[in-house]
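Let's take a friendly walk through a protein model together. Keep the picture open beside you as you read, and look for each residue when it is named.

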Amino acid sequence: MLAYIVRRLGGAIVVLIGISMVTFLITFAVPGDPARMIVGPHASMQVVEQVRHNLGLDKPLYIQYLNYMGRLLHGNLGYSYNDNLPVWTLIRQRMGNTAQLAFGGWIVELAIGIPFGLISALRHQKLSDYVVSFLATFGFSLPAFWLGMELIYNVAYKLHWFPIGGTGGIRHLVLPAVTLGIVGAAFYQRLIKASMLEVFDQDYIRTARANGVPPFRVTFHHAFRNGIIPAVTYAGMDISLLLGGVVLIEQVFNYPGVGELAYMSINNLDVPVIMATVLLAAVFVVVANFVVDILYAFIDPRITLS
Amino acid sequence: MSAKWKSAVAVASSALVLAGVLAGCGSSGSGNNATGSGASSNNGTATSSGSTGNTAGQTQPTSGGTIQIDMDQDFSHLDPALAYDIIDWEVLEQIYTPLVSYKPGTTEIAPLGATSWDVSSDGKTYTFHLRPDMKFSNGDKVTAQSYIDEFERVLSKTINSPAESFIDPLIVGSTAYHNGSAKTVTGLKAQGDDTLVIQLTKPEPFFLNVLAMPFFSAVDQSYINSIGDKAFDHKPMGSGPFEQKSYQPGNELVLVKNPNYFIPGTPKLDEVDMVINSNLQASALKFKQGTSAFISWNSSIDSQDFVSMMNDPQYKNDFYKQDEVATYYIALNTKPNSPIRNKLVRQAINMAIDKQKLVKLLNGRAVATNQILPPAMPGYEKTLPANVDYQYNPTKAKQLLQQAGYPNGFTVDMVSSNNSTVELLTQSIQSDLAQIGITVKLHPESESSWLQDNTDLKYPMGFDDWFQDFPDPYDFLDVLLNGDEIGQNNNANYNNPTVNKELAQAATMPNGPERYALYSKIQNQILADAPWVPLYNPVQYAIVQPWVKGFYMSPVLQDPLQNLWVAPH
């Protein structure tokens, strides 16, 4: 177990270093001068050069990268070029919002996806299967920004049930979370359906049924525990992706999260913030993968870490 | 200034308040003054009598209340030495006090931090007499040294202010201070607490306009020292009508009334909540719902909502409009090895673009132009000489192209920002130029890339814009088309020694008809060389709740928050 964890952690560090290098190179491959962006078009070349020097942008690329990584290892993500605030402060201020939104969206995904998946599996190739499959696919097909705007217009503006965007409590969270959930629920519906159908074909389910175990108990006690495993895997990945940034949703709902921060930093060529948000998303994916692998073992003892 | 720095744009200064200040005054009737100015201004008018009635119905301004407005982007800087953006200045004009500002709704300089000033006969020494009753919101007294401290911050190499070039080398000793070879700026002297003397190396007729920008406001150095320069960028503290209560980046900034403000009874509002919201459609819905007080310089009215609300009896009387002192144009790089270097080709391009079509694409929120200078700028010509007044004439454009040796046209690259509206306009331009045989390859780019490629003169053509820093023709003709500006703001790579010489001459002449006539002459010479295709001057529209009183628009200032009050609704 320990060897496995150490091996996975080593791999994760290599992945993160690779991502940091690629991101760093990409930000420099894009045309544009962060120093000019900071001081504006009216500043003299002297001031632009001074800013470039102060930020260390006049040093060779590899030195800049090493300096960045050196600071990173000391827990220093640097200062935002655009906001003049520590990058960590910016992320910390938004992380809570994004975590709430991601969690809220995930709950809605599960709340829709799991029942829909079960209905599809239990009523396979019946009308109700077709109806829920259609609804889930329809939800998935909707552009998130369009769905978001429709909810804002009809539910927030017309009905006054929720605020038009922003943050400030659970009421502000409902519409963006529902948007996320509707768009993402189809994955869970499909996963649960396929997985449950496979489990229903297993010998132990047939045996249980032959022994007269009530259908409800067969479904939820015997089948569901195994049928849910792929969904757990996906849920881990999903929430890490959501934490990494739900850019469109945050934009539409004027929701100050990490995704919106990443979007603005790319527009402003704010390299320290771009690096931090990309690395953060990468950390979430790597950690989520790792945790899911461990969880596997607990949910299904047949899976061994070796 | 270009898009992001649209700023400087519209504006130039802090505000305000002027209503009362002008009167000398400290009058409690600032709201009334503002109302009068807004309603009668030539530029910043309500679009209908209904809007004027907005304020006319209220005889007595009332104090108190909170309004909420949406900002279409987050604030970049709140340090007056660094902020250079209309969104930032929407706040800074409320928090800080420059020496001078503008009369509401006009481009006329008016007292603010200084009640009066004297200018020496050679135009090189300014003596400002400050208000003796000015205090920062923390209670500290504002003195002449408070202004000197800010000038020194702008010149400091550790601050790296974008405004450094406005006063270096203009102020005596500024370069030595900037280079670190002097500990003080010899041209800045405080005579007691309330007199500030500024010595210039040469007369600059628009120096007061420069001082009206928030860069040169009073700051409390002891406060800055206590929190540090970086923190000061997010915790501003000044002597303006409001002070900052809180700021959550990306979310909200809250202003509250400054109890120490030097005009009694101003501001009327207790609190202004500025919510950052880049979703313009959602902003329009919030306005319709009555949540936000207005959509003005702080944001934009979404295109679809603009059309529908203009035609809606419920809203059409709530609009105000203001011609912006700005010009959108195509820079034609006069030097590269491409057909664009040929003057006849550049003139042909000027005649081939249907600017009225661009105005239609902007829902009428613009006025087509053939000039570099916007209408509100001194030097603007009501009628251009015929030889440089390039009217839309594709037939003649094609003839010019033939004359230039390109009967079959050519292919050329044009860069622009990837803003969706700009892309719509550049596609229209592409289609117009195709009519005379010129194939335009469009290069829409992110803002940072576009700015860089413009400065680097990477493409023969570039879609560009410039918003005034201050209302003086220097800020357009000299800043954008002087040969010295190549590599900075001269995106046409234009360098005419005669023009450069005349620009230098105009830059130090006393203000008056002679100076402005010289600028008109320079403009005509530049238009004859055709390094630009002037396209249009934008028009800013605002929509204001009927219960918000005291609103007006100005060609140089941001929204008059200090003069607003709310009626029961």
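This is a predicted model: local features need pLDDT of at least 70, side-chain atom pairs count only at pLDDT 80 or more; totals for chains, interfaces and linings use all residues.

Asp203(A) forms a salt bridge with Arg206(A), and their closest N and O atoms are 2.6 Å apart. Why might two such side chains pair up? Side chains of opposite charge can do so when their charged atoms come close. Both Asp203(A) and Arg206(A) belong to helix α9 of chain A, three residues apart, or about one turn of the helix. Asp203(A) has a relative accessible area of 53%, so it is exposed. Arg206(A), at 47%, is partly exposed.

Now step back and take in chain A. It contains 14 helices and zero strands. Along its principal axes, the C-alpha trace of chain A spans about 85 × 60 × 30 Å. Of the 306 residues in chain A, 49% are buried. If you consider the contacts in chain A with a separation of 6 or more, 71% of them come from residues 24 or more positions apart. The accessible surface of chain A comes to about 14800 Å², and carbon and sulfur atoms account for 70% of that surface.

Leu127(A), Val131(A), Phe134(A), Leu135(A) and Phe138(A) make a nonpolar surface patch of about 520 Å². You can find Leu135(A) in helix α6 of chain A, which covers residues 127–141. Its relative accessibility is 43%, so Leu135(A) counts as partly exposed.

The phi angle of Gln125(A) is near 60 degrees, a positive value in a residue other than glycine. Gln125(A) has a relative accessible area of 56%, so it is exposed. Look for Asn493(B) in the loop between α19 and α20 (497–508) of chain B. Is Asn493(B) buried or exposed? At 13% relative accessibility, Asn493(B) counts as buried, because buried means under 20%.

While you are in chain B, let's return to salt bridges. A search of the whole structure finds 17 of them over all chains. One joins the side chains of Arg515(B) and Asp472(B), at 2.8 Å from N to O. This pair links distant parts of the chain, with the two residues 43 positions apart. Arg515(B) sits in helix α21 (residues 513–529) of chain B, while Asp472(B) is in the loop between β18 (461–467) and α19 (474–481) of chain B. Arg515(B) is buried, with a relative accessible area of 0%, and Asp472(B) is buried too, at 2%.

Another pair is Asp133(B) and Arg131(B), whose closest N and O atoms are 3.3 Å apart in a salt bridge. Here Asp133(B) is partly exposed, with a relative accessible area of 38%, whereas Arg131(B) is buried, at 6%. Salt bridges also link Asp79(B), Glu150(B), Arg153(B) and Asp229(B) in a network.

Our last stops are two places in the backbone of chain B. A cis peptide bond joins Asp168(B) and Pro169(B), with omega about 15 degrees. Pro169(B) lies in the loop between α7 (164–167) and α8 (174–179) of chain B. A cis peptide bond also joins Thr266(B) and Pro267(B), where omega is about -5 degrees. Pro267(B) is found in the loop between β10 (252–257) and β11 (271–276) of chain B.

Terms used:
Residues are numbered from 1 along each chain as its sequence is written. Chains are lettered from A and ligands numbered from 1 in the order in which they are written. Side-chain values use heavy atoms; hydrogens and water are left out. Patches are made of residues with over 30% relative accessible area and no salt bridge: like charges are joined within 9 Å, nonpolar side chains (Val, Leu, Ile, Met, Phe, Trp, Tyr) within 5 Å. Accessible areas come from the Shrake-Rupley method with a 1.4 Å probe; for residues, only the protein chains shown count as cover. A salt bridge is a side-chain nitrogen of Lys or Arg within 4 Å of a carboxyl oxygen of Asp or Glu. Helices (H or I, at least four residues) and strands (E, at least two) are DSSP runs, numbered from the N terminus. Buried means under 20% relative accessible area, exposed over 50%, partly exposed in between (1.4 Å probe, protein chains only). Contact means heavy atoms within 4.5 Å.
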